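Student: I have a chain on screen and would like to talk it through. Can we start with the surface and then go inward?

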Amino acid sequence: MRPRTLAIAAATALAAGGLALPLAATTATASEPTEPPPLTSDFNGDGYADLAVGVPSGTVDGKARAGYVNVVFGGEYGPGPHGVRRITQATVEIPGTPEADDRFGGAVTSAYVNGDRYADLVIGAPGEDIDAKKDAGSVTVLYGTGDGFATANTAARGAKTGDAYGNALIAADLTGDKKTDLAIGGKDQVVYNAAPGAAKTGTVMTDRMGGRAPVMSTGDFDGNGIPELAVAVEIKEESYIRSHVLLYRYDKDDDFDGDFGLTWATSNAAARALATGDFNGDGHDDLALGNCREVADENIDDPCGPEELAKGGGIHIHYGDGDGLVWKGQTLNQDTPGVPGAAEQGDDFGNSLVAADFDGDGTDDLVAGAPGEAVGSTTGAGSVTVLKGGPKGILDAAGAARATTYHQNSPGVLGVAQKDDAFGTALTIGDHDGDGRPDISVGAPGEDASTGGVWDLPNGAPGGTVINPNTLGQPASSDPTRFGAVLGR
């Protein structure tokens, strides 16, 4: 399985002088790899991917929306039966204390930070107050060990009030030094934290984002061996509407210190999700833009493809050719031949995206969530669609897709589709049952009066488990937990 990264909204800020990701107290032994393994989420090193669920709206020690993270350990039977760890700012290893509206767990990702064989958990708390700076935000790295987790360190802190660092997170080797870096979303900015041992931190980009967290993905779109950072921003303000999908590449020689430069961009393309995959099997990374639509009606080169395919949420794919992303790509929605269902206003098809090769044919498949999809007469129940890759990409030569859609009324999927379940709000991929093939985790934060839940689709098909705060034995919350709104990558 090719590891893919996708950012889920979360914000954190770096201190004024900048912070490098700190090394954990543990060090790699001779039996451990000298380079980090692929980015997965095996925090205890048992060979099974684990599932991290951010619950930023959860109550902790009576503090509303203090937030927590559930790590649900994988095993032979998938996530759920093999144990869970609840992590809060009251957890002994975690810096800080739970406070109302910290929203700890607002973004979650995994990263091999210290070079051992255990994945490390990176957690954003965009509502964290730093001294007198309200909602400055923070990012915490919790280091994995053989029995779960060890020490934790603060990786970033907001520099001023409202920075909201940690509202989006993504991990990759962005600087080409074979070590993991973090890209961190904040209010109107994206910053990066260089790999452990390096003191360099800095700004990737700043722009007005209209209060939204940036959406991020990574991929080696130009074929130079170093991933670029893709960022989607949408700005909606009075008399000012603008959006972009932007690619940034690190240049170690820029200004003698290294910095990120803009290499490619679309104008007026509002994308609610991004995913990277090799959808046509040519060995080059491609970029999918989910729920993509033109927002300023200026018809600038059709940044999301034909406008009629934006109805109900359109997906636009830019294919890579080894030198970068080709402008003309493929566009589809639920009216595209081979895609189940029909395009309807409010479906939000493509509002979440992930990519993986489920059938082992050498091409990545694309999974698209449609949390607003009606199932029969049940509005807002939500669905997910698995779109198969092939020699021509997600669409074949005739412009048709090979796709299967799942919802809670599908055979083999547990539960019943109900109004506003929002099944498909969040997606993530991991080999939770250890069979060597990727599984899909699907979040439905509206389930059971916004208690929420996460469905496991082993190998991208029905038949897995369902987990929620009740099945995991989690304490009651004074606010709806909306479990499944934030899934780690």
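**Surface, sheet and one aspartate**

Tutor: The chain exposes about 17,700 Å², and carbon and sulfur atoms supply 48% of that area. Accessible areas come from the Shrake-Rupley method with a 1.4 Å probe, and for residues only the protein chains shown count as cover. This is a predicted model, in which local features need pLDDT of at least 70, side-chain atom pairs count only at pLDDT 80 or more, and totals for chains, interfaces and linings use all residues. Residues are numbered from 1 along each chain as its sequence is written, and side-chain values use heavy atoms, with hydrogens and water left out.

Student: What is the mean pLDDT of the chain?

Tutor: The mean is 87, and 87% of the residues reach 70 or more. pLDDT is the predictor's confidence in each residue, from 0 to 100. Over residues 1-36 the pLDDT is below 50, though this stretch has 146 contacts in the model beyond near neighbours in sequence. A contact means heavy atoms within 4.5 Å. Residues 196-200 also have pLDDT below 50, with 13 such contacts.

Student: How much of the chain is buried?

Tutor: Buried residues make up 59% of the 489 residues. Buried means under 20% relative accessible area, exposed over 50%, and partly exposed in between (1.4 Å probe, protein chains only).

Student: In what order do the strands of the open sheet run?

Tutor: The order is E4-E3-E2-E30, with antiparallel pairing. E4 (84-87) and E30 (486-487) stand at the edges with a single partner strand each, so one side of each has no neighbour in the sheet. Two strands pair if DSSP finds at least two bridges between them.

Student: What joins E2 to E30?

Tutor: Two bridges join E2 (residues 51-55) to E30. Gly54 stands opposite Val486 in E30.

Student: New topic: is Asp286 buried or exposed?

Tutor: Asp286 counts as buried because its relative accessibility is 0%. Asp286 is found in strand E19 (residues 286-294).

Student: Which backbone nitrogens does its side chain reach?

Tutor: A polar atom of the Asp286 side chain lies 2.8 Å from the backbone nitrogen of Phe279. The Asp286 side chain also reaches the backbone nitrogen of Gly320, at 2.8 Å.

Student: What else does Asp286 touch?

Tutor: Not counting residues up to four places away in sequence, its contacts include Phe221, Ile317, His318, Tyr319 and Leu325.

Notes. Helix = DSSP H or I, 4+ residues; strand = E, 2+ residues; numbered from the N terminus. Polar contact = N/O pair within 3.5 Å; in protein donor to acceptor, adjacent residues only side chain to side chain.
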